[in-house]
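Here is a short note to read beside the structure, written as numbered points. Please keep the sequence and the 3D view open, and find each residue as it comes up.

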Amino acid sequence: MSGSSFLSQFASSALRTKPLGKSSDVLRSNSGQGLVRRLGPFDLVLLGIGASIGAGIFVVTGTVARDAGPGVTISFLLAGASCVLNALCYAELASRIPAVVGGAYLYSYTAFNELTAFLVFTHMMLDYHIGAASIARSLASYVINIFELIPSVKDNIPNWVGHGSDDIFGFISINLLAPILLVILTIILCRGVGESTLVNTIMTITKVIIVLVVIIVGAFEVDASNWSPFAPNGFKSMLTGATVAYFAYVGFDAVANSAEESKSPQRDLPIGIIGSLLVCVVLYIGVCLVITGMLPYNLLGEDAPLAEAFKSKGLNFVSVLISIGAIAGLTTTLLVGLYVQSRLYLGLGRDGLLPAVFAKVHPTRHTPVYSQIWVGIVAFILAGLLNVSVLSHILSVGSLAGYSVVAACVMKLRWDDSQVSKRTEGITCIIVIACCGFVAGILYRYSVSSLVYIFLVLPVAIAIFAAAALQFRQVYRDLPGFSCPWVPIVPAVCIFFNIFLFAQLHYEAWVRFVVLSIVAVFVYAFYGQYNANPASDDTIYYHRVPEVVAE
C-alpha cells in the first residue's frame with residue numbers, strides 16, 4: 001500500500017462515527033447474550049458514591065485545610081459545583097445514549113469520530129489501571145494497620161506483606177496482600193453484577209454511616225472561634241484548594257458505564273450520576289466544617305489530620321472508626337474501578353478496536369469475564385511489584401480529558417443537522433475555549449506578582465467571546481429525556497475549567513498526554529482502523545430505550 005493510500009484510508013477510518021439506530025427495541029448478536037439489567041436508581045447512586053468517596057475524605061479535607069484554613073469549605077463547594085456541571089453533561093448523554101456500555105468513549109465515538117474515541121479510552125484506561133493498583137496498595141496498608149492494633153501482631157508483620165517493601169531500582173516494591181485483595185474482588189465481579197452490587201451496597205452504606213458518625217460526634221467538639229479568620233491566606237488559597245478538592249469527587253462518571261445493566265437507563269442514569277455527586281458534596285462539606293472547627297487549621301496533622309483531631313479531643317474510638325471507614329471506602333472505590341474498566345474493554349471489543357475476546361460475555365453469569373480477568377491481571381502485576389505512587393503525579397489526565405470531551409459531545413449532538421456549514425466553526429470555538437483554559441491555567445500557576453492577573457483577562461475574554469459565538473451562531477435542538485440546562489454555556493464552562501485544572505498538573509502529566517496520544521494513534525493506525533466496525537452485527541444495539549414502567 002502506498003503512503004498516500006494509507007493516509008487516505010487512515011483519515012477515512014479515523015473520522016468514522018458510531019451510528020445510532022432508530023428502530024427496534026433490541027438487536028442481540030448471534031455470538032452470545034448481553035449483560036443483565038439488575039441495577040435500580042438506588043444501586044446506581046451507591047455505585048457513584050462508592051467510586052467517589054475513598055480514604056481521601058478523611059485525609060484530603062485536612063490536607064487542603066492546612067493551606068486554605070476554614071475556607072476549605074469554599075474550596076470543596078467550588079470543586080463540587082464544577083463537578084455538578086460536568087455531571088449535568090454526563091447525565092444528558094447517559095439519558096440520550098443510555099443502553100450500551102462505553103461512557104465517555106461511546107459518547108465521543110457517536111458525536112465526533114473513531115480516533116477521538118480511541119484516544120479518550122486510552123487516556124482514561126491508563127488512569128484506571130494505575131489508580132486501581134495504587135488503591136489496592138493503600139487498602140492493603142490499611143488492612144495491616146487494623147491487624148497491628150493487636151499487641152502481639154504489632155511490629156511483627158514484614159513491610160512486604162502489606163505496606164510494601166523498600167524500593168528496588170527506585171520503582172520495584174513487593175506487596176503480597178494487594179494482589180490477594182485484587183483476586184478476591186475480581187472473583188466477586190466475575191460471579192455477577194448482583195454479587196458485586198451487594199458488596200458495594202454493604203461497604204458504601206458502612207462508610208457513609210461512619211462519615212455521618214464522624215460529622216455528628218465532631219460537631220459537639222466544634223469551637224466556632226477556630227473558623228476565624230475564615231480565609232487566612234486569601235482567596236487564591238481557596239481556589240488552589242479547589243483544584244485539589246476537584247479530584248476527590250472524580251468517580252461519578254462510573255455510573256454512565258453501567259448503562260447496559262440499568263433497569264431503566266433513561267430515567268435512572270441521570271439520577272445515579274447527579275444524586276451520587278450531590279451526596280458526596282454534602283459529606284465532604286460536613287467533614288470540612290468539622291475538621292476546621294475542632295482544631296485551628298495550622299495545628300492539623302499531615303498524614304491523618306482527621307484522626308489526629310479526634311485523638312486530641314480524647315476520642316480515640318473515632319480514629320478506629322475512621323480506619324474502618326477508610327477500608328470500606330477504598331474497597332468500594334477499587335471494586336467500582338475494576339467494574340468500569342471491564343465494561344470499557346467490553347465496549348471496545350464489540351467495536352473491533354480491541355481483540356474480540358474482550359467482547360465475550362459469560363452465558364450464565366452475564367459478566368464480561370475475559371475483560372474482567374484481564375483488568376485484574378494488570379492491576380495484580382502493578383500492585384504486587386511496582387511502587388505506583390511514583391506515578392501518581394501523571395494521573396487525572398484521562399479524567400479531565402474525558403470530562404472535557406463529554407462536555408463537547410453535548411454541544412455537538414445538540415447542533416441542528418441542517419446547519420452542517422457551521423459545524424467547523426463550532427468545533428473551532430470549542431478548541432479555542434480549551435486553549436484559553438490552558439493558557440489561563442498556566443498564567444495562574446506561575447504567577448509571581450499581581451500584575452500577572454491582568455494578563456488573565458485576555459484568555460478569559462477570548463473564551464467568553466467563543467462561548468458567545470457558540471450561543472448565537474449555532475442552532476440547538478431540544479431533545480427528549482434529561483437535558484443539560486443552559487447549553488452551550490454550561491459545557492463551555494466545563495471545558496474551560498477542566499483544561500484550567502489540566503494546566504495545574506505536574507509537567508510530566510503533560511508529557512504523558514502527548515506521548516500516550518502518539519502511541520495510541522500508532523496502535524489505531526496499525527490495528528484499530530483495520531478491525532473496527534462501528535456497525536458490526538456482532539455488536540448489541542439498543543435502538544430504543546425500554547419504556548419507564550411505573551412500579
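1. The place to begin is Asn175, which sits in the loop between helix H7 (159–162) and H8. Please bear in mind throughout that this is a predicted model. Asn175 is buried, since its relative accessible area is 2%, and buried here means under 20%. Its side chain has a polar atom that lies 3.2 Å from the backbone nitrogen of Leu177, and a polar atom of the Asn175 side chain is likewise found 3.0 Å from the backbone nitrogen of Ala178.

2. Moving on into helix H8, we come to Ile180, which is partly exposed, with a relative accessible area of 42%. Ile180 belongs to a nonpolar surface patch of about 1,000 Å², whose other members include Trp160, Ile174, Leu176, Ile373 and Phe380. Two elements give two or more residues to this patch, namely helix H8 (177–191) and helix H14 (369–385), and the one that gives the most is H14, with five residues.

3. The salt bridges deserve a careful look, and the count comes to eight. In one of them the side chains of Lys18 and Asp351 meet, with a distance of 2.7 Å from N to O. Lys18 lies in the loop between helix H1 (3–14) and strand S1 (26–27), whereas Asp351 lies in helix H13 (residues 316–351), so the pair ties together parts that are 333 residues apart in sequence. Are these two residues buried or exposed? Lys18 is buried, with a relative accessible area of 6%, and Asp351 also counts as buried, at 3% relative accessibility.

4. Arg350 is buried, with a relative accessible area of 7%, and Glu260 counts as buried at 0% relative accessibility.

5. A further salt bridge joins the side chains of Arg267 and Asp268, with 2.6 Å from N to O. The two partners are worth checking one by one: Arg267 counts as partly exposed, at 30% relative accessibility, whereas Asp268 is buried, with a relative accessible area of 0%.

6. Helix H15 (residues 397–414) can be checked for its length, as it has 18 residues and reaches 26 Å from its first C-alpha to its last, which is close to the 26 Å expected at 1.5 Å a residue. H15 is also mostly covered, for 18 of its 18 residues are buried.

7. The last point concerns the cysteines. How many disulfides does the model have? The count comes to zero. For Cys494, the closest cysteine sulfur is that of Cys89, and the 4.1 Å between the two sulfurs is too far for a bond, because a disulfide needs a pair of cysteine sulfur atoms within 2.5 Å. Cys494 counts as buried, at 1% relative accessibility, and Cys190, at 16% relative accessibility, counts as buried as well.

Technical notes: Residues are numbered from 1 along each chain as its sequence is written. This is a predicted model: local features need pLDDT of at least 70, side-chain atom pairs count only at pLDDT 80 or more; totals for chains, interfaces and linings use all residues. Side-chain values use heavy atoms; hydrogens and water are left out. A salt bridge is a side-chain nitrogen of Lys or Arg within 4 Å of a carboxyl oxygen of Asp or Glu. Helices (H or I, at least four residues) and strands (E, at least two) are DSSP runs, numbered from the N terminus. Buried means under 20% relative accessible area, exposed over 50%, partly exposed in between (1.4 Å probe, protein chains only). The expected span of a helix is 1.5 Å times one less than its number of residues. Patches are made of residues with over 30% relative accessible area and no salt bridge: like charges are joined within 9 Å, nonpolar side chains (Val, Leu, Ile, Met, Phe, Trp, Tyr) within 5 Å. Accessible areas come from the Shrake-Rupley method with a 1.4 Å probe; for residues, only the protein chains shown count as cover. A polar contact is a pair of N or O atoms within 3.5 Å; within protein, one must be able to donate a hydrogen and the other to accept it, and residues adjacent in sequence count only if both atoms are side-chain atoms.
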